[in-house]
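Biologist: Could you take me through this protein slowly, and tell me what the words you use really mean?

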Amino acid sequence: MTASMADRLADTRRFYELLDRLENRVGGTRRLAECNGRMDWPQRGLYFFFEAGEERSGSGEGLRVVRIGTHGLKAGSRSTLWGRLSQHRGTSRGTGNHRGSIFRMLVGIALARQSCIDLPPSWGVGADPGAAARRLGVDRARVNSAEADLEIQVSRYIGDMPFLWLDVGDEPGPASQRGLIERNAIALLSGYGKRAPDPPSTGWLGRFSDRERVRGSGLWNNNHVDERYDSLFLDRLEERINLNGTPN
């Protein structure tokens, strides 16, 4: 059964109350530009990105979540939370690889469209720059050169976004609580095909996305934005937050 707008608003408020509790437990948000693999990261978990200028307008005060994600849900995956975050961050030199991060790819396209500049023809093409070069009939160095400036812009943009992380150390697989929390949280916050309690601002970068699901959902997510959520996921989220660290 589809949740009423009143139920959805109440669930959204509870979601953000839980994130406030998580923020207290982990000692505040971090910014990817200031992060590295030597910091204290759980092996597996979820992340919740916020974005400057994207204020909640219906569920309360503060920044709204604009991207929710996890990593390695397939059985046997050895991926880690920091491994996934580092793909979004890019390198310590400020460059990056949008082919390893759909988040980077989406932000790059939106930045190019916002600035009315031509997207590099290789952007999103192939599994790596070499594959893109072969497909386009150019050399790899030309692909890297054409993409470099936009990769740097993406790293700066994502690197400045505050985020929270949640330790959920269960095994990868179809029963993973990371997957359950991720897909239900996205469905709860999404405005795709329905009214969201906290719609994006008129100046949100995602409005320049070439993806209808990004523009319509108000999130830097493609998957799960058109799904229904089960409010019971909030109980699982609360349980996991209560297991994370000691309140400050």
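Modeller: What follows is a set of questions about terms, with answers that put values beside definitions.

Modeller: This is a predicted model, in which local features need pLDDT of at least 70 and side-chain atom pairs count only at pLDDT 80 or more, while totals for chains, interfaces and linings use all residues. Residues are numbered from 1 along each chain as its sequence is written, and side-chain values use heavy atoms, leaving out hydrogens and water.

Biologist: Let's start with helices. What describes two packed helices?

Modeller: Two packed helices are described by the angle between their axes and the distance between the axes. Axes are lines fitted to C-alpha atoms, for helices over the stretch in contact, and angles run from 0 to 180 degrees between N-to-C directions. The helices (H or I, at least four residues) and strands (E, at least two) are DSSP runs, numbered from the N terminus.

Biologist: Which residues of α1 and α6 make the contact?

Modeller: On the α1 side they are R8, D11, T12, F15 and Y16, and on the α6 side A185, A187, L188 and L189. Contact here means heavy atoms within 4.5 Å. By class, this contact has 6 nonpolar, 1 polar and 2 charged residues. For those classes, Ala, Val, Leu, Ile, Met, Phe, Trp, Tyr, Cys and Pro count as nonpolar, Asp, Glu, Lys and Arg as charged, and the others, Gly among them, as polar.

Biologist: What makes α1 roughly parallel to α8?

Modeller: α1 and α8 pack at an angle of about 10°, with their axes 10 Å apart. That angle makes α1 roughly parallel to α8. In this pair, D11, R14, F15, L18, R21, L22 and R25 in α1 meet F233, L234, D235, L237, E238, I241 and N242 in α8. The residues of the contact of α1 with α8 divide into 7 nonpolar, 1 polar and 6 charged.

Biologist: And how do you know whether α3 and α5 are parallel or perpendicular to each other?

Modeller: The axes of α3 (residues 102-114) and α5 cross at roughly 110° and come within 9 Å. They are therefore roughly perpendicular to each other. The residues that meet include F103 and V107 in α3 and L150 and V154 in α5. By class, the contact of α3 with α5 has 8 nonpolar, 3 polar and 2 charged residues.

Biologist: Now charges. What makes E238 and R21 a salt bridge?

Modeller: Side chains of opposite charge can pair when their charged atoms come close. A salt bridge is a side-chain nitrogen of Lys or Arg within 4 Å of a carboxyl oxygen of Asp or Glu. The side chains of E238 and R21 have N to O at 3.1 Å, so they meet in a salt bridge. This pair links distant parts of the chain, with E238 in helix α8 (residues 233-242) and R21 in helix α1, 217 residues apart.

Biologist: How many salt bridges does the structure hold?

Modeller: The structure holds 12 salt bridges. Another one joins D160 and R31 at 3.6 Å, N to O. D160 lies in the loop between α5 (140-159) and β4 (162-167), and R31 in strand β1 (residues 30-31), 129 residues apart.

Biologist: R44 and E171 also meet in a salt bridge. Why is R44 called buried, and how exposed is E171?

Modeller: Buried means under 20% relative accessible area, exposed over 50%, and partly exposed in between (1.4 Å probe, protein chains only). R44 has a relative accessible area of 17%, so R44 is buried. E171 is exposed, with a relative accessible area of 56%. As for their bridge, N to O is 3.6 Å.

Biologist: What makes D7 partly exposed?

Modeller: D7, in helix α1, has a relative accessible area of 43%, so D7 is partly exposed.

Biologist: And is I109 buried or exposed?

Modeller: I109, in helix α3, has a relative accessible area of 8%, so I109 is buried. Leaving aside its neighbours within four places in sequence, I109 is in contact with L119, W123 and D210.

Notes:
Angles under 35 degrees count as roughly parallel, over 145 as roughly antiparallel, 65 to 115 as roughly perpendicular and the rest as oblique.
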